[in-house]
Amino acid sequence: MKSNITAALANFLFEYETPRQVVVKNKRVGIVCRVIQLGVLAYIIGWVFIYEKGYQATDTAIGSVFTKMKGVGYTTVNGSERVWDVGDYVFPEQGASSFVVMTNYIMTMGQTQGKCPELPGKFSCTSDKDCEEGEHKRTGHGRMTGKCVNTTKTCEVFTWCPIEDDRPIPNPALLMSAENYTLFIKNSITFPQFNVVRSNLVEGVDKNYISQCLYNKDSDPLCPIFRLGDIVKLSGFDFSQIATEGGAIGILIEWTCNLDLDVKRCRPQYNFHGLYGNVNEAETQASVGYNFRHAKYYVENNTEKRTLMKVFGIRIDILVRGLARKFDIIPTLTTIGSGVGIFGVATVVCDLVLLYVLPKRDFYKNMKFKYTVLQEEEPVLQTNKTEKELPKVSEGVTPDCEITLETGCFNPAAVH
């Protein structure tokens, strides 16, 4: 038992098995095999290594964004002139990666809390019975007092009075001058796996360059200062349309860096996308544009008042996406190993053709597979003769024949 175990262990440690190979000289099968192998080789080299950079490790960026708007606008409404600077038309305060630039507005001044009738056409009534006291409707401006105002034929509500009338939207937009506002974007990213930090103020983008440049996709693609009208145009929209009722635009700062090259080649690309919808389908959409309300509160004669503004503007969302690649032996070996495994597809396809398609498939099966049949050992012949029935040989006498299990004799002399 011990020797068997020792022999088995020795065979396992010191012997090597290799699969048997059969060379098939068939032009059609050979061509199919080489075509498949060439296709796999082209996929591995062209797609996996060259296009997908399968020999490199990847890391995503951690980024931050700082913004600053500049520009002054002027409006004249009902003979009243007004100047608008950054503190008036940017919401919320500057610096965020998502903000709104006001391009149009509806202003309701001197509102105080009190009782006043709803706007004509809303919650019409003929008597007090039509205005249920304490009821509040979703599209209304306040809580009903239970009184019907005869002059307007609408229900009286407790709210900020006078009620805002936002039905007529100024067209063209009041702040068309916003087209010439400028946006400064400062962006920095970090690739922690490779310990690389970059900023969109790359080499050559210094203070002198920034003071005179303006972003242009062809001539100044690295300038971090953008004209608002150009941003809208590059996103695929018309400024006069989007300024009237507002909209949303996404600015994507994309970093795609190959760190096997000089790190100075790691530079940002700016892309602009309209998140507003399709302007051509604006009439069929249920809700068009972007707007919100903003109030400024003050006290006059011990009475709290406010100026309510319905703001229409361009919402800008700045997104940062970064991907860096660098050579690494582990993904390289992994890619090579997976590619070698894919080469087995050629063997599988060719075996299917040999064994199931070609006319001589039975012949190839016999060549490829070796069949063995287990044969049982022949049993030892038993005799019914008893020892008494066998011929007796006297001591010292050489027998003339050799005794066998059968009852006959074999004469050795006959062989000679």
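**Pocket linings and their surroundings**

Modeller: The lining of the largest pocket comprises 13 nonpolar, five polar and five charged residues. The model is a predicted one, and what follows should be read as computed from it. The space in this largest pocket amounts to about 710 Å³. It is lined by 23 residues, of which Val-22, Val-23, Val-24, Asp-351 and Leu-354 are closest to the centre. Two or more lining residues come from each of the elements α2 (27-51), α8 (344-356) and α9 (361-368). Among the contributors, α8 supplies the most, namely six residues.

The second largest pocket holds about 270 Å³ of space. Its lining draws two or more residues from each of β3 (73-77), β4 (80-84) and β6 (98-117), and β6 gives the most, with four. The residues concerned are Thr-75, Val-77, Asn-78, Ser-80, Arg-82, Tyr-105, Ile-106, Met-107, Met-109, Pro-168, Pro-170 and Leu-174. Sorted by class, they make eight nonpolar, three polar and one charged.

Two of the elements named for this second lining also pair with one another. Strands β3 and β4 run antiparallel and are joined by five bridges. Within that pairing, Tyr-74 stands opposite Val-83 of β4. The two strands form a hairpin with two residues between them, where Asn-78 adopts a positive phi near 55°. Asn-78 is also one of the residues that line the second largest pocket, which ties the turn to the pocket.

Asn-187 belongs to strand β9, which covers residues 182-191. Its relative accessible area is 1%, so Asn-187 counts as buried. Leaving aside residues up to four places away in sequence, Asn-187 touches Ser-64, Val-65, Arg-198, Ser-199, Asn-200, Ile-253, Trp-255 and Val-320.

The charged pairs come next. Side chains of opposite charge can pair when their charged atoms come close. The structure contains eleven salt bridges. One of them joins Lys-296 to Asp-88, with the closest N and O atoms 4.0 Å apart. This pair links distant parts of the chain, 208 residues apart: Lys-296 lies in strand β14 (residues 291-300) and Asp-88 in helix α3 (residues 86-89). Lys-296 has 35% relative accessibility and therefore counts as partly exposed.

Asp-166 and Lys-310 form another salt bridge, whose closest N and O atoms are 2.9 Å apart.

Arg-315 counts as partly exposed because its relative accessibility is 29%. Asp-317, at 16%, counts as buried, since that class covers values under 20%.

Note on methods
Residues are numbered from 1 along each chain as its sequence is written. This is a predicted model: local features need pLDDT of at least 70, side-chain atom pairs count only at pLDDT 80 or more; totals for chains, interfaces and linings use all residues. Side-chain values use heavy atoms; hydrogens and water are left out. On a 1 Å grid over the protein atoms alone, a cavity is a set of points where a 1.4 Å probe fits but cannot get out, and a pocket is an open set with protein on both sides within 12 Å along at least five of seven lines; lining residues have an atom within 4 Å of a point. Grid points are joined across faces, edges and corners, and a volume is the space filled by probe spheres set on the points. Ala, Val, Leu, Ile, Met, Phe, Trp, Tyr, Cys and Pro count as nonpolar, Asp, Glu, Lys and Arg as charged, and the others, Gly among them, as polar. Buried means under 20% relative accessible area, exposed over 50%, partly exposed in between (1.4 Å probe, protein chains only). Contact means heavy atoms within 4.5 Å. Two strands pair if DSSP finds at least two bridges between them. A salt bridge is a side-chain nitrogen of Lys or Arg within 4 Å of a carboxyl oxygen of Asp or Glu.
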